Each structure stands twice: as C-alpha cells, then as structure tokens.
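Okay, thanks for having me.

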Amino acid sequence: MSVLPKICVGAGAFAASLYASSAAFALEPKQCLSLDKMKAALAAEGQSILIIGDRKVINDAPELETGVRVTRYMNAVTSNADFTVGYQIEGDLPRVEKSANVCVRAKLANIRLYDARKPGTRKAFLFGGKFDAEVREKETAGTRPVIIADTVHTASDGTQQHGLPMVMFWHPKGHSATIYAVGVGNEPRLLVFMGDTELSASAVKWLDQTGGAR
C-alpha cells in the first residue's frame, strides 16, 4: 500500500494533525490518557486520523418527548504512514467538543483503507457466510467497508497476536458508520454505531490519488 500523507481533519477538538516518526505499539486497549497526552502518544508513533465521528449510545428517556436520549462520544480510527499500526480511540465527549480523556478501544494492524464512495463489492470485503450477506445488504443502501484491519492483543508471553478482523462500514452521504468484528464462523458482530462521520481531508486525497487499497 502506498504511504499515507500527513492527515488533518477540519472539525472537532481532537482533529489535529498527528504525525511523527513511526514506532512500535506503545498504547494498549483500555488505556486512557488526557487529550494532550493521547495526542503526544499518537504523534510519537506517527499516527494520523483516517476517519472520525461520534459513537452513538441510545438509552430510554421517558421524560423526553422522543422517549430516548442519544449520547455521543468522539470515535476515530488512526494509522501510521504505512498502514501497519493503528488504533480505534474514543473520547468522553462528542467530536465537536474537547474531551478530557481519550481511551484506546482497540489496537490494529494491517490497515486497509477503501474508497466507500464508489459502488461495488470487492473480494477483500468478503469473509464468508453471514458476514458476506451483511456486506451485500449494506451495499444496496450505499454503505460500504471503508476500513478493514486486524485487531491486535498482547499475549501472556508479551508477544503481539492478531485477533478477530475489524470492518468499518461508512455511508458517505448519510455520514453514518458502523464497526463490526468478523466473529467465529464469520458471524457479523456489531460493535459500534456512529454518526457525523467523515474521512480526513488527507485520507480523501490519498483515495483520490490511489483509488484505495487493493
């Protein structure tokens, strides 16, 4: 995959450029840092934002006219320049506000960025079984995989082991997104539902120049 240029997202308190020299994994899942410390940690690994939005949590709220309350948390996927190391991160406030703390929800490897603006189901999107049915159903509505990556965890011996694949779907016009794990038996496991989701400007530029991952 071609090297990704420096990324900067225009909106949101966390949407600053995060680019420096590449490094091995330093952050771990469930690790939380202040916003400034998380920026510094990501920058030290050469991380930049690929896509950013708000994870939406819907709870019953009978006191409201709508009957539900929607809480939003900034959620983003980052990558280093050669797409070998990345993270899914989440703040404690919506993306348009400045989160006090940001946590690592997953660490990622072998990140592939696809152009979800273009129709068509690629072989790379298909893992088999029910997951393929999910991909094809979403395609009919214009929702397509935008990021596929391997999740990474640290084994008891300290080595980095790959876990379940992660697939992020995105609807470019609706700015909605979902994150799935490809479960055992290729079951689609919905992990995150997002709104107000957009690619960074430099990610768009890279897609325009390269056509996306192959």
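One term before we start: buried means under 20% relative accessible area, exposed means over 50%, and partly exposed is in between, with a 1.4 Å probe and protein chains only. This is a predicted model, so local features need pLDDT of at least 70, side-chain atom pairs count only at pLDDT 80 or more, and totals for chains, interfaces and linings use all residues. Residues are numbered from 1 along each chain as its sequence is written, and side-chain values use heavy atoms, with hydrogens and water left out.

Let's take α1, residues 35-44; helices here are DSSP runs of H or I, at least four residues, strands are E runs of at least two, and both are numbered from the N terminus. Leu35, Met38 and Leu42 are buried in it.

Now, the cores: sets of buried Ala, Val, Leu, Ile, Met, Phe, Trp, Tyr and Cys joined through side-chain atoms within 4.5 Å. The largest nonpolar core has 23 residues, and Val77 and Met168 are among those with the most contacts inside it. β5 gives the most to this core, four residues. A second, separate core has 14 residues, including Leu35 and Leu42.
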